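Here is a short note to read beside the structure. Please keep the model open while going through the points.

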Amino acid sequence: MERVIVNDVGPRDGLQNDPATVSPADRAGLIRDLVAAGVPAVEAVSFVSPKAVPKMAGAAEVIAALDLDAADFSALIPNRKGYELAREAGVRSVAVVLSATDTMNRKNINMDLDTTVRVCSEILEQASRDGVNGRAYVSVALGCPYEGDVPEDRIRDLTRTMFDAGATEVIVADTIGAGNPAQVKSLFSRLVPDFGADRLSAHFHDTRALALANAWQALECGIRKFDASIGGLGGCPFAPGAAGNLATEDLVSLLHQAGFDTGIDLDALLAVVDRVRELVGHPVGGRALAWLHNHRAAAAAAG
Ligand code: COA
Ligand code: ZN
């Protein structure tokens with residue numbers, strides 16, 4: 001069976017925007033549960049200003065509570081200070097965040113696009129020298145809440161610049177869930193021949209109920225690595241209109257039904273969804289949750 005890598009970004013993309021404040025100890029517990037369910041990669045934290053994103057405070061504590069050999073743990077970083085803090089915490093994999101429009105960069109990290117490109121490039125070059133795995137998000141790739149449509153050429157050029165600076169992977173992110181499968185097909189069919197499917201990853205939000213359809217289309221284009229968020233948690237505080245991420249359990253359910261291997265135990269993953277609901281104190285779960293629960297109950301009854 002062909003392997004697809006699922007990177008759970010719930011502890012970062014999800015919890016950064018949740019009404020609940022989850023303590024670093026509980027965030028680490030959630031991450032350990034995801035890994036115990038077989039999730040091979042987790043975006044565990046972001047090293048960002050606690051004034052900008054209070055929910056992500058305590059990132060170093062979260063990292064200190066993890067066995068860094070247990071999975072591929074990464075940290076989102078917006079600037080050099082974030083890189084330094086991640087390094088001090090012992091993080092082995094970082095993701096810089098480059099939005100494809102000027103306005104989104106200003107709103108998100110208070111830098112214009114050109115400055116962000118330069119800062120991200122410098123951090124990626126530094127990471128290569130330090131032996132740190134440096135990844136890059138190209139965000140709002142399928143639509144910006146402030147500037148609307150984003151030309152494909154710009155996504156391709158930004159992707160190339162990030163690879164040239166030493167990125168090991170570029171995560172093409174539909175930050176607000178604005179994209180549709182036709183757009184995904186058009187964009188990835190251009191990126192894959194240029195950069196190789198094995199160096200690209202896709203990140204979708206389910207704002208318009210198209211995240212699964214978009215993921216399937218990206219799969220058809222050869223992509224074998226996806227971000228998703230346990231329970232469909234998520235949204236970006238600086239991107240109005242962004243709803244939750246593609247739910248990890250929906251993605252894993254799709255992949256298993258379609259004959260792909262993820263290494264993830266779906267029953268164990270559903271138990272993690274229950275735990276997330278307790279942690280945040282409100283209902284969570286992707287579109288397939290009711291069916292998944294019924295299916296699990298039926299399987300258990302059948303012994
Ligand atoms: N981690 C923690 N603190 C940081 C930091 C980081 N990566 N970068 C800057 N700071 C601190 C500075 O030390 C300074 O602290 P002080 O007020 O106590 O002196 C303060 O933040 C302001 O620093 P400055 O460099 O002027 O930052 P800014 O106000 O221009 O904000 C960011 C820029 C990038 C720090 C802020 O916009 C941010 O953290 N954004 C993250 C957005 C995010 O996570 N979005 C969701 C994911 S895409
Ligand atoms: Zn996101």
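1. The side chain of asparagine 110 has an N or O atom 2.7 Å from an oxygen atom of ligand 1. This is a polar contact, that is, a pair of N or O atoms within 3.5 Å. In lysine 51, a side-chain N or O atom is 2.9 Å from a ligand 1 oxygen. For lysine 81, a polar side-chain atom lies 3.0 Å from an oxygen atom of ligand 1.

2. This is a predicted model, in which local features need pLDDT of at least 70 and side-chain atom pairs pLDDT 80 or more, while totals for chains, interfaces and linings use all residues. Residues are numbered from 1 along each chain, chains are lettered from A and ligands numbered from 1 as written, and side-chain values use heavy atoms, without hydrogens or water.

3. How many residues are around ligand 1? There are 19 (a heavy atom within 4 Å), and Ser49, Lys51, Asn79, Asn108 and Asn110 come nearest. Helices α4 (80–89) and α5 (102–109) are the elements that give two or more residues to this shell; α4 gives the most, with three. Helices here are DSSP runs of H or I with at least four residues, and strands are E runs of at least two, numbered from the N terminus.

4. After α9 comes glycine 222, with a positive phi near 110°.

Conventions: A polar contact is a pair of N or O atoms within 3.5 Å; within protein, one must be able to donate a hydrogen and the other to accept it, and residues adjacent in sequence count only if both atoms are side-chain atoms.
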